[in-house]
Each structure stands twice: as structure tokens, then as C-alpha cells.
Amino acid sequence: MMLMRTDPFRDIDRLTQRILGDASRPAAMPIDAYRDGDVFVVCFDLPGVRADSIDLEVERNVLTVTAERPDTVRDRESVVVAERPTGTFSRQLFLGETLETDAIQADYADGVLTLRIPVAEQAKPRKISVGTGEGQPRSIRA
């Protein structure tokens with residue numbers, strides 16, 4: 001699996017979003033990704049997001065995760081601090097050919113979206129038997 005950020009200027013965009021309050025640009029969501037045996041696991045941090053606002057889409061081995069956190073503070077009359085990002089969050093992962101994208105399992109608990117993507121059969125390690133060549137001595141000529 002290859003991971004790639006969708007926007008190389010993410011930090012500048014995040015700072016601009018905080019200063020100008022522009023929630024129309026997608027914000028990044030932090031992830032952990034690792035292989036656990038025959039399954040590739042990806043965990044997305046999405047605190048405060050409702051499960052029904054999460055959208056997963058796979059197209060040509062590109063996984064797109066989109067989620068939305070509503071703004072419940074900024075409309076209040078006397079806001080003291082409003083630092084938590086709100087609006088639409090989006091992240092794309094480029095999945096290799098060695099993963100079974102048709103069998104992705106998703107679970108959302110305690111603000112963490114966990115995806116389990118099985119490794120394809122052709123990518124799993126396998127044993128190759130080595131013949132002893134008994135009865136068939138060979139000579140090598142130079």
C-alpha cells in the first residue's frame with residue numbers, strides 16, 4: 001500500500017482555514033496504518049464525527065474517506081475559544097494491487113474509524129519446494 005497526501009500545502013491551508021474560518025476546504029485526518037498478518041489495518045482519527053456522516057469510496061484502487069463534523073460552537077453569542085476544526089474532512093489512500101479492495105471491512109468506535117483490508121492471495125508469502133535432483137546428476141560446462 002502506498003500512502004499519499006492529497007495536498008502538499010496542507011499546513012498552510014489549515015492555518016488559512018483557522019484564520020479565515022473557511023470550512024469549505026477539506027481538512028486532513030491523521031491515520032495509523034500497519035499490516036497485521038494477512039490484513040492491512042488503517043485507523044483514522046475522527047473525534048466528534050457521527051458514523052452516518054462518514055463516506056467511504058473505492059475507485060481504481062484509490063480509497064477516499066470523507067466525514068463531516070458540524071459546527072456547534074461558532075454560532076453562539078459569546079464564544080471564548082473555538083480551536084477544533086469543523087466542516088468536511090477528506091483523505092485519499094492509494095491502495096496497491098496486492099490488497100482485496102472488494103472485501104474492506106469498516107468499524108467506527110470511540111472516534112476512530114478502523115478499516116481492515118485483506119491482503120490478496122498473490123501477495124501472501126508462500127513456500128517453494130526445492131528438488132534434490134536425486135538420480136539426475138548434472139555437469140556444468142564452462
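Residue numbers start from 1 along each chain as its sequence is written, and side-chain values rest on heavy atoms, with hydrogens and water left out. Because the model is predicted, local features need pLDDT of at least 70 and side-chain atom pairs count only at pLDDT 80 or more, whereas totals for chains, interfaces and linings use all residues.

**Figure 1. Overview of the chain, with one helix and eight strands.** From the N terminus, the order of elements is β-α-β-β-β-β-β-β-β (DSSP runs numbered from the N terminus; helices are H or I of at least four residues, strands are E of at least two). Of the 142 residues, 26% count as buried (buried: under 20% relative accessible area; exposed: over 50%; partly exposed: in between; 1.4 Å probe, protein chains only). The chain exposes about 10,700 Å², and carbon and sulfur atoms supply 49% of this area (Shrake-Rupley method, 1.4 Å probe; for residues, only the protein chains shown count as cover). Among contacts with a separation of 6 or more, 54% come from residues 24 or more positions apart (contact: heavy atoms within 4.5 Å).

**Figure 2. The hairpin of strands β2 and β3.** Strand β2 (residues 31-36) and strand β3 (residues 39-45) run antiparallel and are joined by six bridges (two strands pair if DSSP finds at least two bridges between them). Ile31 has Phe44 in β3 as its bridge partner. Two residues lie between the strands, and Gly37 adopts a positive phi near 70°.

Figure 3. Arg91 is buried but has no salt bridge (a side-chain nitrogen of Lys or Arg within 4 Å of a carboxyl oxygen of Asp or Glu). The nearest side chain of opposite charge, that of Asp32, is 9.1 Å away (Lys and Arg count as positive, Asp and Glu as negative; His and the chain ends are not counted). A polar atom of the Arg91 side chain lies 2.6 Å from the backbone oxygen of Met29. Leaving out residues up to four places away in sequence, Arg91 touches Met29, Pro30, Ile31, Phe44, Leu63, Thr64 and Val65; Ile31 and Phe44 are also the bridge partners shown in Figure 2.

Figure 4. Thr114 counts as partly exposed because its relative accessibility is 21%. Neighbours within four places in sequence aside, Thr114 is in contact with Val41, Val42, Cys43, Gln105, Ala106 and Asp107. The C-alpha atoms of Thr114 and Asp45 are separated by 9.0 Å, although these residues are 69 residues apart along the chain.

Conventions: A polar contact is a pair of N or O atoms within 3.5 Å; within protein, one must be able to donate a hydrogen and the other to accept it, and residues adjacent in sequence count only if both atoms are side-chain atoms.
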